[in-house]
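Please look at the model shown below and keep it in view while reading.

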Amino acid sequence: MTATEAPAPATFESLDPRTGDVVGTHPVHDAAAVRAAVARAASGAQWWGGIGAAERKRLLLAWRTALVRKLDDLAAVVVEETGKPLDDARLELVLAIDHLDWAAKHAEKVLGRRKVAPGLLMGNQAASVTYRPYGVIGVIGPWNYPVFTPMGSIAYALAAGNAVVFKPSELTPGVGVALADTFAEIVDGRPVLQVVTGFGETGAALCRAPGIGKIAFTGSTATGKRVMAACAESLTPVLVECGGKDPMIVDVDADLDAAADAAVWGGMSNAGQTCAGVERVYVLDAVAEEFVAKVVAKSRGLRSGSGGAYGPMTMPTQVDIVRRHVEDALARGGRAVVGGAESVQPPFVEPVVIVDVPEDSCAVTEETFGPLLVVNRVPDVDEAVLRANATAYGLGASVFSRARGEEIAGRLRCGMVAVNGVISFAGIPGLPFGGVGDSGFGRIHGEDGLREFARPQAVASQRFPLPVPVTSFSRAAGTMKALVGLVRVRHGR
């Protein structure tokens with residue numbers, strides 16, 4: 001290498017988790033490369049923020065159309081890097097496209113200038129709130145839903161007038177690159193949506209990069225805490241969506257066929273790698289035997305692998321977590337009614353359903369993120385709610401009850417609840433999505449999601465001077481006496 005030649009950047013390979021085959025090679029962007037990407041995004045943000053809401057809407061809807069046109073090509077990349085079935089990848093893209101459409105069409109109304117009544121004491125003021133973009137949003141995405149989940153931040157951040165630097169998971173970098181490439185075609189290559197690839201160090205560099213207005217992170221609780229610590233150094237605001245230990249409650253009057261179908265789908269689809277799916281089921285004693293029989297019947301017919309209902313563990317180390325949870329549940333007295341320890345066959349895990357698992361088992365207290373469903377009997381709804389709320393997580397939940405579904409939902413400590421369904425809240429663009437406790441804070445989707453990516457600015461504009469000045473050293477001695485008298489008349493009774 002000559003003195004004028006720069007060293008080749010480090011690279012890493014993305015793999016098909018089903019086979020271990022290499023499906024792509026990507027650069028490991030270091031801190032300098034990340035800072036450069038953020039600087040480029042800042043120039044892109046000036047253009048993007050300056051073209052106005054109507055033009056942004058037009059371009060985002062053009063991107064929506066391009067994504068529809070390339071849906072199967074993008075789905076193929078998702079399949080290669082996650083191993084999930086093609087139709088599951090298509091479903092993920094369909095939902096993401098619908099959210100993009102909603103964000104593009106609602107941003108101007110939600111974030112437009114809003115008049116505020118000034119009140120009696122400030123009646124000489126015209127008051128309003130405007131929502132300004134942060135400038136550059138850093139998005140750190142997960143591997144389990146590598147399109148749908150990060151697009152909940154990317155689409156809403158773009159609609160709010162920001163540029164985005166997206167760091168996809170190191171397991172799904174090709175998905176992030178493909179998304180950014182489709183958008184680049186719409187904006188003639190301007191640096192409005194860029195991708196940086198790599199591992200944890202790349203994400204940390206994004207959190208610390210000068211010029212980042214906000215970070216939107218999706219991933220584990222442990223990593224979320226590290227993201228917050230990095231952002232705290234510069235007081236960069238964060239939106240954090242972490243894992244869950246999502247409960248389902250099945251009441252005595254539930255449609256048991258629908259509840260069993262939802263439990264199996266929520267627990268097993270995407271190989272159980274769904275943060276807001278179903279991991280724990282609390283079913284009332286009166287219907288427990290019938291419900292479990294239906295869950296068993298639906299689960300036993302499922303298979304993983306090529307042509308199966310779901311794919312492999314996308315992250316290889318997740319296999320060991322699933323194995324540990326299964327073994328602990330059985331060792332503590334749980335009874336396997338579908339599968340068992342032998343179901344863990346890396347990189348695949350066949351369906352496992354275990355009943356009567358002690359509440360202190362790690363299969364109940366920790367996020368499993370695999371096709372393991374724990375079903376426990378409870379005497380009544382009060383006990384079901386108590387157990388459902390007993391973990392540190394609080395992301396999603398499901399309730400099956402004909403008469404009191406919404407009543408039970410209101411007692412659950414979580415961000416979203418599906419009544420007589422599962423994960424339905426995620427598919428409704430107008431609903432906010434996010435958790436409490438160890439599941440994080442902040443919201444994507446809906447009006448709340450748009451406002452997460454804009455900072456409110458309050459403006460009070462004097463229309464005419466008050467006849468008696470209040471906020472002035474020229475205030476007369478009797479002015480405050482008159483003002484206090486007015487307040488006592490208006491508010492003192």
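C207 is buried, with a relative accessible area of 1%; buried means under 20% relative accessible area, exposed means over 50%, and partly exposed lies in between, with a 1.4 Å probe and protein chains only. The model is a predicted one, in which local features need pLDDT of at least 70 and side-chain atom pairs count only at pLDDT 80 or more, while totals for chains, interfaces and linings use all residues. Residues are numbered from 1 along each chain as its sequence is written, and side-chain values use heavy atoms, with hydrogens and water left out.

Charged side chains come next. Side chains of opposite charge can pair when their charged atoms come close. A salt bridge is defined as a side-chain nitrogen of Lys or Arg within 4 Å of a carboxyl oxygen of Asp or Glu, and by this rule there are 24 salt bridges. One of them joins R90 and D87, with 2.8 Å from N to O. These two residues are 3 residues apart in helix α4 (residues 86-111), and about one helical turn separates them; helices (H or I, at least four residues) and strands (E, at least two) are DSSP runs, numbered from the N terminus. R90 is partly exposed at 28% relative accessibility, whereas D87 is exposed at 51%.

A further salt bridge links the side chains of E233 and R208, at 3.1 Å from N to O. E233 lies in the loop between α8 (221-232) and β9 (238-241) and R208 in helix α7 (residues 200-208), so the pair ties together parts that are 25 residues apart in sequence. E233 is exposed, with a relative accessible area of 56%, and R208 is partly exposed at 44%.

R387 and E383 also form a salt bridge, their closest N and O atoms being 2.9 Å apart. They stand 4 residues apart in helix α13 (residues 381-388), separated by about one helical turn. Salt bridges that share partners also join R64, D101 and K105 into one network.

The surface has a nonpolar patch of about 420 Å², made by L120, L121, M122, L486 and V487. Patches are made of residues with over 30% relative accessible area and no salt bridge, with like charges joined within 9 Å and nonpolar side chains (Val, Leu, Ile, Met, Phe, Trp, Tyr) within 5 Å. Accessible areas come from the Shrake-Rupley method with a 1.4 Å probe, and for residues only the protein chains shown count as cover. M122 sits in the loop between β3 (114-116) and β4 (125-133) and is partly exposed, at 43%.

Finally, consider the whole chain. It has 16 helices and 20 strands. Its radius of gyration, taken over C-alpha atoms, is 26 Å, close to the 23 Å that the globule rule gives for 493 residues, so the chain is as compact as a globular protein of that length. The globule rule is 2.2 Å times the number of residues to the power 0.38. Of the 493 residues, 52% count as buried.
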